[in-house]
2 protein chains.
Amino acid sequence: MINKNATVKDIAKKLGIHQSTVSRALRNLPGISPKTRKLVLDTAKKMNYIPNLFARNLKNNVSKTIGIIIPEIRHDFFSNAISGIEHIAYNRGYVPLLLQSNESVERESLNIDAMISNRVAGIIVSITQNTTNGDHFQKLIDLNIPLVFFDRIIDGIQSNKVISDDKSGAKAAVDYLIKKGYKKIAFLSGPEELNICKNRLEGYLAALKNNNIAYDKNLVTYGSLHEDNGYDTISKFLDEENLPDAIFTVNDPVAIGAFKKLKEVGLKIPDQIGVIGFSNNLVTTLIEPTLTTVEQYPGEMGKRAAQILLEQIESKEEYFLRTEVIHSKLIVRNST
Amino acid sequence: MINKNATVKDIAKKLGIHQSTVSRALRNLPGISPKTRKLVLDTAKKMNYIPNLFARNLKNNVSKTIGIIIPEIRHDFFSNAISGIEHIAYNRGYVPLLLQSNESVERESLNIDAMISNRVAGIIVSITQNTTNGDHFQKLIDLNIPLVFFDRIIDGIQSNKVISDDKSGAKAAVDYLIKKGYKKIAFLSGPEELNICKNRLEGYLAALKNNNIAYDKNLVTYGSLHEDNGYDTISKFLDEENLPDAIFTVNDPVAIGAFKKLKEVGLKIPDQIGVIGFSNNLVTTLIEPTLTTVEQYPGEMGKRAAQILLEQIESKEEYFLRTEVIHSKLIVRNST
DNA sequence: TATCCCTTTGCAATCGAATGCAAAATAATA
DNA sequence: TATTATTTTGCATTCGATTGCAAAGGGATA
């Protein structure tokens with residue numbers, strides 16, 4: 001139930017001039033005398049005129065809204081990325097429409113539909129940990145809606161991408177573990193098919209190879225991206241009496257889960273077992289010992305994703321898709 | 001640059017019937033023969049018809065969007081509240097438009113403007129820690145846009161409110177500290193004028209009074225709602241050699257900040273000093289010792305806020321504003 | 001077959017702003 | 001002053017969907 005707002009026509013009527021004149025004056029278009037323009041602007045302010053974006057967008061067939069779909073805002077990584085996106089969007093006059101998929105593919109698809117209906121100008125996405133089919137993204141391509149994936153991407157969709165150099169980040173982490181003298185290093189991964197998992201695995205393998213350590217497939221496990229994965233996997237290792245002397249996890253929550261189990265059974269970190277996470281979540285500095293991890297600069301990733309998206313949105317000529325890699329950095333703390 | 005979508009008129013042309021018939025068929029309005037309806041729906045699906053919300057909303061002068069303005073999504077409390085809001089919104093066919101104020105009053109006001117321009121159906125707000133003037137909210141009231149404040153509210157605006165029973169939550173916390181034998185209990189508050197701070201202070205005072213403990217004004221401090229406040233305040237206490245034997249903080253981040261300083265100087269929690277936070281953030285279970293705190297049920301608060309907002313939005317008759325109080329609960333852990 | 005009554009469909013205007021083109025007003029020039 | 005050039009304003013249509021009302025279609029009944 002929205003109150004009756006002043007419209008362009010109302011202003012025109014009040015001033016006894018035509019609405020087209022008012023419309024042009026309001027937008028500082030040329031061909032309006034300074035006197036008329038001032039009169040219109042003053043009157044608009046006085047009448048509390050607020051442009052009706054529905055009408056404007058309908059006429060122009062564009063909007064100044066960009067969609068963001070991420071799994072869960074409560075993760076540091078994503079909330080920081082969002083801040084980066086917002087920063088760019090605000091400065092360029094765009095409003096971000098943020099929807100969570102909650103790691104549900106179905107929700108992700110519904111969010112896409114909602115965004116299409118709302119005629120967003122473009123979309124930035126980090127996929128759910130379960131997304132393997134990209135039909136709902138293909139829909140966007142077919143509709144010519146610019147799309148940027150960041151961090152968690154999906155193959156087979158012609159779109160822009162902003163990713164971390166996951167492989168080298170992971171390699172740096174595992175190299176460091178080896179340098180510290182750890183020998184039996186496990187990699188607690190997430191969903192096997194997820195790009196970040198595949199790439200971090202590559203880095204893990206590269207580090208092993210680089211140091212002439214044999215690859216033991218029992219030391220690479222797959223699970224979710226949540227705490228329970230870390231907790232359960234450590235439990236499993238203990239049950240099998242196959243505990244490694246160091247673990248590298250696909251992200252910080254999984255490391256936290258591992259922490260919990262390790263502490264429960266009284267294992268000392270980093271003396272009896274070393275731990276490295278990924279993403280440099282805030283929590284890594286709050287726990288004990290503080291967690292060694294890999295910084296991904298999510299704010300920067302968000303910024304770049306937004307910049308690239310806006311470039312495509314505002315490009316007049318043929319646009320060429322890009323993939324951008326943001327460098328990551330090992331942050332050494334006390335868990336190794 | 002949005003591709004040409006199929007429109008109602010396109011469907012009509014293809015079927016050789018009038019667009020009004022198509023429009024009614026698509027929305028399952030009465031007065032359309034089953035045969036025609038099926039034909040229209042099938043064709044719409046085949047043509048990938050997506051209703052243009054700009055046109056629809058323009059005509060109807062309403063939208064199915066509800067605005068959410070909160071300080072920062074990265075706080076557990078808010079991200080949980082958002083989930084609650086989303087849950088209700090989705091089920092009722094609304095899309096949430098989420099904007100952060102980042103604790104900036106200016107941004108908060110700009111966000112309001114953006115939401116007005118986007119003609120949201122209603123708005124849910126938790127104010128910044130610095131908001132004292134409510135003019136930007138009054139604008140909403142003047143425009144007849146339904147408004148619900150939750151948790152952090154501002155006085156003097158005629159709106160709906162959803163709040164915690166901060167006073168009794170605080171009282172329970174401080175009562176518990178006293179019962180545990182702590183005698184010199186400080187309250188590390190946030191901005192003095194913020195409603196949650198005032199109410200939690202009341203609870204603190206009530207508990208003291210209830211237990212015949214004299215109020216010492218040096219034990220009540222004000223600061224931000226962030227970690228630094230806890231850290232700095234403990235530092236100050238130490239400098240003044242006026243360390244209390246227990247602290248109750250306005251929220252969990254402040255407690256975490258205090259934790260950091262206390263650990264730095266080697267003070268044992270809970271033996272030498274007890275700590276209770278507020279809000280039951282996830283991190284309270286990850287630190288050592290785990291933090292005693294007060295659960296506010298933010299998801300529930302979000303749900304109620306959304307329900308109330310939608311009631312007002314969809315009310316046909318005169319609407320009576322409401323204030324709803326969500327009960328909080330002391331969660332005892334190892335910091336006390 | 002004619003009449004009446006529902007059911008189904010079509011017509012046309014509307015929401016608010018944008019814009020190509022024509023018309024009017026003003027300024028510049030002969 | 002008459003004419004031309006330029007600036008300023010107005011007209012009318014458009015975007016896509018909705019809706020009150022009128023018209024047409026179909027069936028039942030006399």
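Start by selecting T21(A): one of its polar side-chain atoms sits 2.8 Å from a phosphate oxygen of DNA strand D, a polar contact, meaning a pair of N or O atoms within 3.5 Å. This is a predicted model, in which local features need pLDDT of at least 70 and side-chain atom pairs count only at pLDDT 80 or more, while totals for chains, interfaces and linings use all residues. Residues are numbered from 1 along each chain as its sequence is written, chains are lettered from A and ligands numbered from 1 in the order written, and side-chain values use heavy atoms, without hydrogens and water.

Next, hop to chain B. Now colour α2 (19-26) and α4 (53-60) in chain A and α2 (19-26) and α4 (53-60) in chain B, the elements that give two or more residues to the surface near DNA strand D; helices here are DSSP runs of H or I, at least four residues, and strands are runs of E, at least two.

Time for the loops. Select N144(B), between α7 (135-142) and β4 (147-150) of chain B: its phi is near 65°, positive in a residue other than glycine. Then find D151(B), in the loop between β4 and β5 (160-164) of chain B, with a positive phi of about 60°.

Finish in chain A, where a cis peptide bond joins E288(A) and P289(A), with omega about -10°. P289(A) is in the loop between β9 (274-276) and β10 (293-295).

Terms used:
Polar contact = N/O pair within 3.5 Å; in protein donor to acceptor, adjacent residues only side chain to side chain.
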